[in-house]
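Student: I've got a model open on my screen and I'd like to learn how to read it. Can you walk me through it?

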Amino acid sequence: MPPLRSQIQPGVTVDIVQKQDQASGKLTRGVVAALLTSSPSHPHGIKVRLTSGQVGRVQAVVGAE
């Protein structure tokens with residue numbers, strides 16, 4: 001199960017899956033800039049925007065910077 005919203009804050013390093021990568025499951029690693037999902041959990045992962053501008057759903061929390 002993907003991490004809960006309470007486990008993700010701006011500045012945390014995460015692995016996300018972007019919309020175009022959902023079929024392949026390719027993960028992108030980056031630092032969270034903003035949380036875009038307001039609910040406490042989501043079956044496909046909490047949607048975030050990374051500092052690089054990429055948007056995707058969090059699959060794993062790697063750690064804090």
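Student: What is the average pLDDT of the chain, and where is confidence lowest?

Tutor: pLDDT is the predictor's confidence in each residue, from 0 to 100. Where it is low, the predicted coordinates should not be read in detail. Here the chain averages 95, and 97% of the residues score at least 70. Confidence is lowest in strand E4 (residues 55–64), with a mean of 91, and highest in strand E3 (residues 47–50), at 98.

Student: How many helices and strands does the chain have?

Tutor: Both are DSSP runs numbered from the N terminus: helices (H or I) need at least four residues, strands (E) at least two. This chain has four strands and zero helices, giving the pattern β-β-β-β along the sequence.

Student: Which strand is joined to E1, and how do the two run?

Tutor: Strands pair if DSSP finds at least two bridges between them. E1 and strand E2 (residues 28–35) are joined by four bridges and run antiparallel. Threonine 13, for instance, has valine 31 in E2 as its bridge partner.

Student: Are the faces of E1 covered or open?

Tutor: In a regular strand the side chains alternate between the two faces of the sheet. Buried means under 20% relative accessible area, exposed over 50%, and partly exposed in between (1.4 Å probe, protein chains only). In E1 both faces are covered: Val12, Val14, Ile16 and Gln18 are buried on one side, and Thr13, Asp15 and Val17 on the other. Seven of the seven residues of E1 (residues 12–18) are buried, so the strand is largely enclosed by the rest of the structure.

Student: Which residues make up the largest nonpolar core?

Tutor: Such a core is a set of buried Ala, Val, Leu, Ile, Met, Phe, Trp, Tyr and Cys residues joined through side-chain atoms within 4.5 Å. The largest one has nine: Ile8, Val12, Val14, Ile16, Val32, Ile46, Val48, Leu50 and Val58. E1 gives the most to this core, with three residues.

Student: Is valine 55 buried, partly exposed or exposed?

Tutor: Valine 55, in strand E4, is partly exposed, with a relative accessible area of 32%.

Definitions and conventions
Residues numbered from 1 in each chain as written. Predicted model: local features only at pLDDT ≥ 70, side-chain atom pairs only at ≥ 80, totals over all residues. Heavy atoms only, no water.
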